[in-house]
Amino acid sequence: MSRPSGDLDSAFRILTEHLGPLVEERMRSAHGDQWESMSRKGTNAVRGNRALDLSSLLHAIQANWHLFRGELDGRCRAYTSEIREVRNDWAHQKAVSEEEVERTLDTISRLLSGIGAEDGVQAIAAIKGGGSNPLNGLVQISRTGRDGIYSEEKIGRAHV
């Protein structure tokens, strides 16, 4: 069973919130008012002048590494690549295993740590620690005897 896709959705949203200002700062310093169009270059966001999404932000870091390498180390560059691949699979509704979700959450946490976004690291830790039980809320019904008496037992813990 895989974790809910909401875990990745939430984690990607957190990462986007933290990468956006970093990408804007670095790209604006090099490209001025053209920073957004330069950040979209080579991505699907270039069509229709769409907002910069996580894929665009990760691509901007990879494609303009010379602007980011002073602040980020090589591991962060590798993290952007790994996260982008999983994000693309997830966005195109390809199956993402529970193991991949766990690894991606860990990689996102490492990237957030690498950019100094400790509040983002804590938010990801909350997602990892608060992974919902896929059986939560289900009730197991079992027949206890020939008399037709059924008993109910809740499966999973209550999600608060």
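Modeller: Helices (H or I, at least four residues) and strands (E, at least two) are DSSP runs, numbered from the N terminus. By that rule the protein chain has seven helices and two strands. The model is predicted: local features need pLDDT of at least 70, side-chain atom pairs count only at pLDDT 80 or more, and totals for chains, interfaces and linings use all residues. Residues are numbered from 1 along each chain as its sequence is written, and side-chain values use heavy atoms, with hydrogens and water left out.

Biologist: In what order do the elements of the protein chain run from the N terminus on?

Modeller: The order is α-α-α-α-α-α-α-β-β.

Biologist: Why are helix 3 and helix 5 called roughly antiparallel?

Modeller: Axes are lines fitted to C-alpha atoms, for helices over the stretch in contact, and angles run from 0 to 180 degrees between N-to-C directions. The axes of helix 3 (residues 54-63) and helix 5 (residues 74-91) cross at roughly 150° and come within 9 Å. Angles under 35 degrees count as roughly parallel, over 145 as roughly antiparallel, 65 to 115 as roughly perpendicular and the rest as oblique. The two helices are therefore roughly antiparallel.

Biologist: Which residues of helix 3 and helix 5 meet?

Modeller: With contact meaning heavy atoms within 4.5 Å, Leu 54, Ser 55, Leu 58, His 59, Ile 61 and Gln 62 in helix 3 meet Arg 77, Thr 80, Ser 81, Ile 83, Arg 84, Arg 87 and Asn 88 in helix 5.

Biologist: What makes Arg 87 buried rather than exposed?

Modeller: Buried means under 20% relative accessible area, exposed over 50%, and partly exposed in between (1.4 Å probe, protein chains only). Arg 87 has a relative accessible area of 14%, so this residue is buried. Not counting residues up to four places away in sequence, Arg 87 touches Phe 12, Asp 53, Leu 54 and Ser 55.

Biologist: What makes Phe 12 and Trp 90 an edge-to-face pair?

Modeller: Rings of Phe, Tyr and Trp (its six-membered ring) pair if their centres lie within 6.5 Å; planes under 30 degrees apart count as stacked, over 60 as edge-to-face and the rest as tilted. Here the centres are 5.1 Å apart and the planes make 75°, which gives an edge-to-face pair. Phe 12 lies in helix 1 (residues 5-31) and Trp 90 in helix 5, so the pair ties together parts 78 residues apart in sequence.

Biologist: How do you know whether Phe 12 and Trp 90 are buried or partly exposed?

Modeller: Phe 12, at 4% relative accessible area, is buried, whereas Trp 90, at 25%, counts as partly exposed.
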